[in-house]
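Work through the exercises below with the sequence and the structure at hand. Try each task before reading its solution.

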Amino acid sequence: MTTDRILIIDFGSQVTQLIARRVRESGVYCEVHPFNKVTTESITAFAPKGVVLSGGPASVTLDDTPRAPDGLFTLGLPVLGICYGQQTMVAQLGGLVESSAHREFGRAQVGIVGICRLFNYTQLHGGKWSLSERETVWMSHGDRVTTLPPGFRGVATSEGAPFAVIADDMRRFYGVQFHPEVVHTPHGAELLRAFTHEICGCGGDWTMSAFREQEIAKVRAQVGSGRVICGLSGGVDSAVVAALVHEAIGDQLTCVFVDHGMMRLGEGDEVVALFRDRFNIRLVHRDASELFLSRLRGELDPEKKRKIIGATFIDVFEEEARAIGGADFLAQGTLYPDVIESVSFKGGPSVTIKSHHNVGGLPERMNMKLVEPLRELFKDEVRVLGRELGLPESMVGRHPFPGPGLAIRIPGQELTREKLDLLRKADAVYMEEIRNAGLYDKIWQAYAALLPVRTVGVMGDARSYDYALALRAVTSTDGMTADYYPFDHGFLGRVANRIINEVKGINRVVYDITSKPPGTIEWE
């Protein structure tokens, strides 16, 4: 069990997960719990060294809006309130929050007008937040604190918030009106670290090595002598789950890799070689490409394609599971963002499956218990764990790849082996050039899409009438928003020239410069 832990109580902010990421980046384990699932008893059972109250969309000035458990403030724990979290702490402890005529949204300046233990720590460690300095922060509020509760004092102000930072060093209660967790508050991470390390006394020694050993022990205790089956998609999450569970229980694990025929060039062979040859994991490799393509024949609608692929995957996986005699447990790559969403106080859905390859979506009739060793990790932490487990960088650092695979990169068209092969070759050239240019790790996701357009060209003094290909590359932190990657024209010209020369059937290449929003990362 992790000794030092921070509890984050979520009031519905869009960036609550960023608080968790920043805390974990400083070497402290934390969890996010929705406010309406938290009680004084559950806090005591979780045994945190401190509590963070997140922001949220509600107004403390209205009735029936979220509050922290009243008993929280009598437990002797340090508390940091962020935005709405600051406001509800103030209101619950006897202060006053009012709607403000001067709302603040976006970047703002706060002036440091007092000292407190938060600021002392940042200065001792070479940081900012010194007396009389001004700091850039990210605000998002329409209400503001106007009267402080007993014991508090203001230590920073902004144009729209007379109490931009408040402190009660005696009780170790602190509040900030801005969002220190976002990158738009350049020195916000220093404040969070000051809270976790200085105020809460956390050691900052939570490491992926310790997490690995902890999860291996958990898997062994959960599974006992039972058998586990894991569906491999070729993606990072399922690969890391398979490697971790295998390290825990060895031959009690069987992996099933269903090749639906819509993977990238050489991808199926890479998955089989990695897990069967390098890790010596029991692996069932099923080439079901003909079955998938036959069921997709004539279908143009992208959502129907996805549903067909998902249903077919389940059928094939269930068939292979029966063939090996079944299993007691199902290992899957549920990540922490899924867990947070599943318990959202907004009434969000329970964990949703990526219906095409995340085997958590298999029918209940399979009657297996779940093994989810990644459910406490974010995506970047899964990559770190993968490296800790010895997975090659080609697997751990790979770009996201959709479960339906190339099926959604041939928009508005019937899928055929010929089109899939054409796209596979073009995509391989594109990715090779990205790697050669040293750009792969700077890009969140890159791919080629075969368009439902044929164009006239001139090749070798003869007329050609072939497909147009779109190239896509984006930068992002979480896939929720994205900007196109600004390749120079020399690079794009080189890629287009290679594809047209090397991939027969394509005579025109375009580059997609649409951001998300308004577009999406994938075309379908």
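**Exercise 1.** What volume does the second largest pocket have?

Solution. The structure is a predicted model. In this model the volume of the second largest pocket is about 290 Å³. Next, look at the lining: 14 residues line this pocket, and the closest to its centre are Arg264, Leu265, Glu270, Arg398 and Arg435.

**Exercise 2.** Which helix gives the most to the lining of the second largest pocket?

Solution. Start with the helices that each supply at least two lining residues: these are H8 (267-278) and H14 (417-436). Of the lining residues, five come from H14, which gives the most.

**Exercise 3.** At what angle do helix H6 and helix H7 pack, and which residues make the contact?

Solution. First locate the helices: H6 covers residues 208-223 and H7 covers residues 236-249. Their axes lie 9 Å apart, at an angle of about 65°. The crossing of H6 with H7 is right-handed. On the H6 side, the contact is made by Arg212, Glu215, Ile216, Val219, Arg220 and Val223. H7 contributes Leu244, Val245, Glu247, Ala248 and Ile249. Sorted by class, this contact has seven nonpolar and four charged residues, and no polar ones.

**Exercise 4.** Which residues of helix H1 are buried?

Solution. Take residues 16-25, which form H1. Buried means under 20% relative accessible area. The buried residues of H1 are Thr16, Ile19, Ala20, Arg22, Val23 and Arg24. After H1 comes Gly27, with a positive phi near 85°.

How values were computed:
Residues are numbered from 1 along each chain as its sequence is written. This is a predicted model: local features need pLDDT of at least 70, side-chain atom pairs count only at pLDDT 80 or more; totals for chains, interfaces and linings use all residues. Side-chain values use heavy atoms; hydrogens and water are left out. On a 1 Å grid over the protein atoms alone, a cavity is a set of points where a 1.4 Å probe fits but cannot get out, and a pocket is an open set with protein on both sides within 12 Å along at least five of seven lines; lining residues have an atom within 4 Å of a point. Grid points are joined across faces, edges and corners, and a volume is the space filled by probe spheres set on the points. Helices (H or I, at least four residues) and strands (E, at least two) are DSSP runs, numbered from the N terminus. Axes are lines fitted to C-alpha atoms, for helices over the stretch in contact, and angles run from 0 to 180 degrees between N-to-C directions. A crossing is left-handed if the near helix is turned anticlockwise from the far one by less than a right angle, and right-handed if clockwise. Contact means heavy atoms within 4.5 Å. Ala, Val, Leu, Ile, Met, Phe, Trp, Tyr, Cys and Pro count as nonpolar, Asp, Glu, Lys and Arg as charged, and the others, Gly among them, as polar. Buried means under 20% relative accessible area, exposed over 50%, partly exposed in between (1.4 Å probe, protein chains only).
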